[in-house]
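Please look over the sequence and the structure shown here before reading the report that goes with them.

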Amino acid sequence: MPTATGSDYAKPAPPDGQDKRWRIVDATMRRLGHHSRSLIETLHTVQETFGYLDEGALRYVATSLHIPMSRAYGVATFYQFFTLKPAGRHACVICMGTACYIKGAQHLLTAMANDYGIAPGETTSDGGISLLTARCLGSCGLAPAVVYDSEVAGKVSPPDLRAHVAKWISA
Amino acid sequence: MSPEELEQIAENEREAQKKFAHSITVCVAAGCMSCQSQAVKEAIDREIEKQGMGQRCKSKGVGCMGLCAAGPLVSSAGGALYKNVSASDAAEIVASVESNPVSRLLCPTDVPFFQRQKKIVLENSGVVDPEHIEDYLAANGYSAMMRVITEMTPAHAIEEVVKSGLRGRGGAGYPTGLKWSTVAKAASKRVKYAICNADEGDPGAFMDRSVLESDPHRVLEGMLIAAYAVGASEGYIYVRAEYPLAIKRLRTAIRQAERLGLLGHNICGTRFSFGIDIRLGAGAFVCGEETALIASVEGKRGTPRPRPPYPAQEGLFGEPTLINNVETYANIPPIIRNGGEWYSQIGSEKSKGTKVFALAGRVANTGLVEVPMGISLREIIFEIGGGIPEGRNFKAAQTGGPSGGCIPAQFLDMPVDYESLAQVGSIMGSGGMIVMDDTSCMVDVAKYFMDFCMTESCGKCIPCRVGTYQMNELLGKITRFEATPQDIGMIEELCDLLKNTSLCGLGISAPNPVLSTLKYFAEEYKAHIVSGQCPAGVCGARRSEARPAESRQLEGSGAAR
């Protein structure tokens, strides 16, 4: 695999040259020397910046790091943290760690399935709410734990969950 | 920065802290943060200002105080510990520092939860401010590293660790000193690496997260000592992306250490150079396995490879690599400070020192505890943990996460160390301890872990990829009351196959939850298969309504991947 410095190749153009957010991604790749080993770090930056990884973003990163698209796609789909779909306006992450499971996290999933018809990984049809699960948030002392957008809530019961999600809907 | 200059900074910090007659510390680790402890701290700051106490009283954000169940926790001068504090309590707490403590918020500290613990790894947690290196220096921080790099040879440092008897805290319990000397002896082409494994993937374990959030400099110091001992010059901390607060504090800590010349080129004027960079995990349990972790640091899919060659010979980028867990590194500075001899006197014969456990599930005092090795399960769960709430009965303790097993009540008086846990079919693991009572169905628990292993199997080797799927199907049949007695035989056969033919630890240990529940809770399996009943009422209740949701969930997770 060539470990070129970039000057040997034509510089690839980002999917949307007008979007200044690509500069953040470029900065990460530059800091890590456009080396193929910086793929995961770069994908983290893309997801942090745009919320998800789409095909255009993966192609741009793969070309910039001189690796085949298949490898970028392979890494993006191997790791659970990366998502290829845009998220809803609000995200509800239910922890499915052992402590949360023992304390009834599956009832929270059932509540979301019954009330909004979404399973983990899905977003409501209006793009309002995404339901996600986490392997373990490490907040086991507060089981069952839920993350509403980026705010962690502990000892959540199905009624608590319904009340919080209803607030999103009415807002 | 010379040792004298460093000591001066520590001294100045101690002087500065002495100027305040009172201090109020607020836990700002993730557990309490999720109960709004940041707002409590801000309210206390405002009250200190408002009540004109700015000259005498200071507030400080600190790491985990352990009793996560009662958060947010606030500790005030004189040793009073307050539980479940809200921002509206701030005025009363600040006003009380010069009189009697606020009795309605008091959390008793003369109980076994606090008295029975022995803190080595967590000695600074809940005491030092994780975001100020000066505070760590004032607590004798970096003095062990300073001693090692100015007074000791690498061989001497390794000898201390060998003498201590410390074993890897990531789960397998490999002797740390032996690992260090193997890496030290290995010849490198260019550089050697030291990696900190902070990919705490076991669900139900949060010890490493807490140490990183509460005392990040302790981990950096441990890594520096290890790097000096094995001759490594580049280091990585591989930390889960799911731990944003730990990542933020680590980044701050690395920056502060670099600024004081404690990381980087020619540390403290010696010939020793070492730099640390952070690599984020991306949610793959298998990356806790060392060769998979290395692949992930190299920017690839986290799939393991056969060993040997071991990472100690050929690891990251083909160079000799030392990989230790967060807690292992955190044990190093006190071992150097007090000597390996001192450490080896704590714990049991073959398992030295202390172990941090994350106590969770059906137990009254959920939180983080550090106990000497060899303590009994009963002491941890019933004395320190306060027993099972709501008057229910203890059923099992699960240690080691998806790689561990369920320990039934008959072994409650067994000492907790590496050998004893292995003997009863579990493992020490990284330190998650989930307590279950009679509301948990053990077949359902076994299926939960098998579902976990199935989803997390990287797919490289067939026994693990196909075996976990088949076992999950078979266990599903049992929980749906569709199984026959022959299915148990098939499960046992698969367990044997996985144990003996899988490529890495994930597949090898995946049968443990099934085997241990089959062994100790056989009657529950029998009840499901023969009488079509779930004694705990878990599977029975879910039979009619939750099945569609569950199968949808599987499809959903498949599509997301």
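The report below describes selected features of this predicted model.

## Contact between the chains

The contact between chain A and chain B draws on 40 residues from chain A and 46 residues from chain B. On the side of chain A that touches chain B, at least two residues each come from α2 (39-50), α4 (69-78), α5 (98-102), α6 (105-116) and β4 (151-153). Sorted by class, this side of chain A holds 22 nonpolar, 14 polar and four charged residues.

## Strand pairing in chain A

Strand β1 (residues 90-95) of chain A pairs with two strands, and the sense of pairing is parallel with β2 (residues 129-134) of chain A, where six bridges join them, and antiparallel with β3 (residues 146-148) of chain A, where there are three bridges. C92(A) has a bridge partner in each of these strands, namely L131(A) in β2(A) and Y148(A) in β3(A).

## The open sheet of chain B

In chain B, five strands in the order β10-β9-β13-β11-β12 make up an open sheet with mixed pairing. Because β10 (367-372) and β12 (405-408) of chain B each have a single partner strand, they stand at the edges, and one side of each is left without a neighbour in the sheet. On average, and with direction ignored, neighbouring strands of this sheet are turned by 30° against each other.

The pairing of β9 (residues 354-361) of chain B with β10(B) is antiparallel and runs over six bridges; within it, F357(B) has V369(B) in β10(B) as its bridge partner.

## Two helices packed in chain B

Helix α11 (residues 216-230) and helix α14 (residues 326-338), both of chain B, pack with their axes 7 Å apart and at an angle of about 75°, which means that α11(B) is roughly perpendicular to α14(B). From α11(B), the residues R218(B), V219(B), E221(B), G222(B), M223(B), I225(B) and A226(B) meet V326(B), Y329(B), A330(B), I332(B), P333(B) and I336(B) of α14(B). The residues of this contact between α11(B) and α14(B) comprise ten nonpolar, one polar and two charged.

Helix α23 (residues 522-531) of chain B has E524(B), Y525(B), H528(B) and I529(B) as buried residues. Viewed down the axis of α23(B), these buried residues lie within an arc of 125°, so they line one face of the helix. In general, an α-helix has 3.6 residues a turn, so residues three or four places apart point the same way.

A522(B), E523(B) and S531(B), on the other side of α23(B), are exposed. Just after α23(B) comes G532(B), which takes a positive phi of about 65°.

How values were computed
Residues numbered from 1 in each chain as written. Chains lettered and ligands numbered in written order. Predicted model: local features only at pLDDT ≥ 70, side-chain atom pairs only at ≥ 80, totals over all residues. Axes fitted to C-alpha atoms, helices over the stretch in contact; angles between N-to-C directions. Helix = DSSP H or I, 4+ residues; strand = E, 2+ residues; numbered from the N terminus. Parallel < 35°, antiparallel > 145°, perpendicular 65-115°, else oblique. Contact = placed C-beta atoms within 7 Å. Nonpolar A, V, L, I, M, F, W, Y, C, P; charged D, E, K, R; others polar. Buried ≥ 20, exposed ≤ 12 C-beta atoms within 10 Å, placed from the backbone. Arc of directions from axis to C-beta. Pairing = 2+ DSSP bridges.
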